[in-house]
2 protein chains.
Amino acid sequence: VTEPIAGDVGDAARLSAAIAAIPPLDLDAREEAEAELDRKTKPRRSLGRLEHLAARLAAIRGQARPGPLEAAIVVAAADHGVAAEGVSAYPPEVTAQMVANFAGGGAAICVLAREANARLIVVDVGVREAVADPEVRDLRVGAGTANSAAGPAMSRGQALRALSAGIDLAGEIAADGVGAVGLGEMGIGNTTAASALTAALLEADPVAVTGPGTGLDAAGVARKVEVVRRILAANEPDRSDPLAALAAVGGFEIAFLAGLAIGAAGRRVMVLLDGFISAAAALAATRLAPLLPDRLVAAHLSPEPGHRLILDALGLEPLLDLELRLGEGTGAALALPLIRGAQAILEEMATFADAGVTDAGR
Amino acid sequence: VTEPIAGDVGDAARLSAAIAAIPPLDLDAREEAEAELDRKTKPRRSLGRLEHLAARLAAIRGQARPGPLEAAIVVAAADHGVAAEGVSAYPPEVTAQMVANFAGGGAAICVLAREANARLIVVDVGVREAVADPEVRDLRVGAGTANSAAGPAMSRGQALRALSAGIDLAGEIAADGVGAVGLGEMGIGNTTAASALTAALLEADPVAVTGPGTGLDAAGVARKVEVVRRILAANEPDRSDPLAALAAVGGFEIAFLAGLAIGAAGRRVMVLLDGFISAAAALAATRLAPLLPDRLVAAHLSPEPGHRLILDALGLEPLLDLELRLGEGTGAALALPLIRGAQAILEEMATFADAGVTDAGR
C-alpha cells in the first residue's frame, strides 16, 4: 500500500502538527515504574541501566506497565548524487541491490530482526531505480538526490515530503501497535551526507565527523573529508535553519528517518537509533522538535567519529559498543532484547512481599 | 534427580580427567566461519565483534555451522561462613529465600532466562538449610562453608567434591544438547569470597578487588576490605596451589562453577561468564586448566573493581557494560541474544553470490 504524498504546503503543516503533537514525558508513569522496580527481589538499582531503560520506556509509553512490546525496524533506502564523487568503497547500484536483498530476507537486518522478533519494514524513499517488489514500500521522493558537492541535494519541498512520509509511517505503525521503532538505512554515499549534516548542525570540523564508512582506507577518508568541505562550501548550511541544512546536504532517507522519529515521539513510541546516519537524522529532527531527545535510545556506538559527537550532543549513552559499522538498523535490532528484558523485569519479576524475601538492603 | 557424589580420590581423578579432556580450539572451523562471514552481503568485518563471536563459537563448538544454539543458565547457590563478619547488606537467610524464588520463577534470572529462551538450572551446592523443591538440584557439599576469616572455608576434599559436581552437570547438559552455558550464582557473602580468591590468585591488594557487592556504603566496603585481609592472613593462600586457595577462601558455589566451566570446555560448550563472582570462579578454573580461557566469553562488566582485573588477566573483553551488579546469571542471559545473533548471521545471511549484490568492498 502506497501512502498518498501531499504537496509542499500540506507537508509543512503536517510537520508543524507532528512537532506540536509530541506530549511531555509521563513523569508519573516513570515514578510508578521506579517504585515498582524498587519492590522487586533484588538489591535496589542492582540492574543498573536496565532499570533506567524500563523507567524510560514507561515515561515514553505513558504507562508504568505498557504490556508486551511490539517492535519494528524501518529500513529507509535512497541514493545520493554525491556518490559520484567517489566517497564510497561501493558503487551506487548496490543501494538497489541491497533493497532487493532486504526484500528477499537475506540481509543482516533481516536475520537480526527475525532474531529480535521485530517486524521489518523496507521503504524506498528514492533509490535511483525503483525496486518493484511487494515487500518494499514505495514512498519515493525522487530518483536519488542531486550532488550536494555542486549544490543542494534536494529542494526544501522534497525534504518536507520525505519528513512527511516518515511522520505518516510512524502514525501507521503506532496505530498497528508498535511501541518501539528502530531507525535503519541503506544508501551508498550516505555517511558523507551524514558527515556534512553533522558538521553543519554541530558546527564541527569535517575532519572530526568523517570516517571510513563501510570501508575506505586512509587516503579515501582524506578525499571524503575534502568532499564534505566542498559540500559545505557549496551550500553554506546554517544550524539556525535545520530544515534548509537537511535539504541542502542530507538525503531522502535521512529526512524520512527524521520524520519517522518525530512522528513516533508524537505517538508515544520509543525511537531506537542505530548508527551514525540514523543519529544524524535524529540530530536534525531534534533541532526541529526540541521535545524529541528524551524519546530516543542509542542502541550502539559505531566507530564513525561523528557518532559519539552526536550522542554527546543529544545526551545519549549507547547500550552496546560492538564496533558495528553496517547500518541497516542492525545495532537497533541487537539492542531490542535489552529493552524487552528491561520491560520483563518491570512486569514479571516477583516483589519482596510476593516472594517472602527479606528486604534488608538499601 | 540427585547426582551420586564420589569420594575424594574419585573427585581428584575426575578433575584431572576433565582437564585433560579439553580439546584444542578448532582452528579449521574458525577459518571456515571467517571465510563464510566474508562472503555475506555486508562490507567485510562490518559487524565487528559480532563476527568475532560467531567465529569463536565455531572454534569452540568444532563446527563452522553448529546449528541452533541451545543455551542454559546454571545458578549455583551456597552459603558462606564469612557472612557472620557482617560483609553483606543482606542476612544469610536470604540465600535460601532466593533459591525458593528461583524455583518459583519470580527472580530476575527467571525472567531474563525466559526472555533469552535459555533453560534455567538451579543448584543447591550448600545453602545453610536445604531448600526442598523439585525445581532445585540437590548437589550439596555441606551446610554452608566455615568462616574463612578464622580458617579454611572448606577442606580440599569438599572443594574437589564441588568441582566434580560441576563437571558432572556440564557433562549432563552437554549430552542434552546445550551449546552455551551461563554461570550464575547466589550466596550472601560471596563477593567477599570472590575478592579474597582474586586477591590470592592475582596477588592483588584487597582494596583493588573489594567493592560494595549488592549495596554496602563506603564504611561497609572499608570493613569488608579488612575482612578480606583477615581471610588472607588466616589462610595464606598461594597462587601456586589454586585448588588449595579455592578451598581456603572460596565457596561451594564458586568451586562448583569452576568445575562447570572445566566440564563445559571439555564438551565443546561455550562458557558465558556473568559478574565478578563467576569471573573469580573462572579465574580459579583457568589456573587448573590452562586451555580454558579461550572457551570463555565475558557477558558483561560489573562495577565491582575486581571484575575488570580478572577479565584483563584472562584477556577477555566484556560484551555489555550496563552497571549490572545482581549476579544470578542475569548478565549472561542478557548477552545470549548477541551470541544467537552472531550465529544467525553466520548461518542465515545471504552471500554476495546468492543475492546478486556487487562485492566491490574490501
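**View 1. Helix H4 of chain B, end to end.** The twelve residues of helix H4 (residues 93-104) of chain B should span 16 Å at 1.5 Å a residue, and the end C-alpha atoms are 17 Å apart, which agrees. The expected span is 1.5 Å times one less than the number of residues; helices (H or I, at least four residues) and strands (E, at least two) are DSSP runs, numbered from the N terminus. B:Gly105, with a positive phi near 90°, follows H4(B). The model is predicted: local features need pLDDT of at least 70 and side-chain atom pairs pLDDT 80 or more, while totals for chains, interfaces and linings use all residues. Residues are numbered from 1 along each chain as its sequence is written, and side-chain values use heavy atoms, without hydrogens and water.

**View 2. The contact of chain B with chain A.** The contact (heavy atoms within 4.5 Å) takes 52 residues from chain B and 53 residues from chain A. B:Pro43, B:Tyr90 and B:Leu322 supply 13% of the area that chain B buries against chain A, more than any other three residues; buried area is the accessible area (1.4 Å probe) lost on putting two parts together, summed over both.

View 3. B:Arg114 forms a salt bridge with A:Glu348, the closest N and O atoms being 3.2 Å apart. The term requires a side-chain nitrogen of Lys or Arg within 4 Å of a carboxyl oxygen of Asp or Glu.

Key
Chains are lettered from A and ligands numbered from 1 in the order in which they are written.
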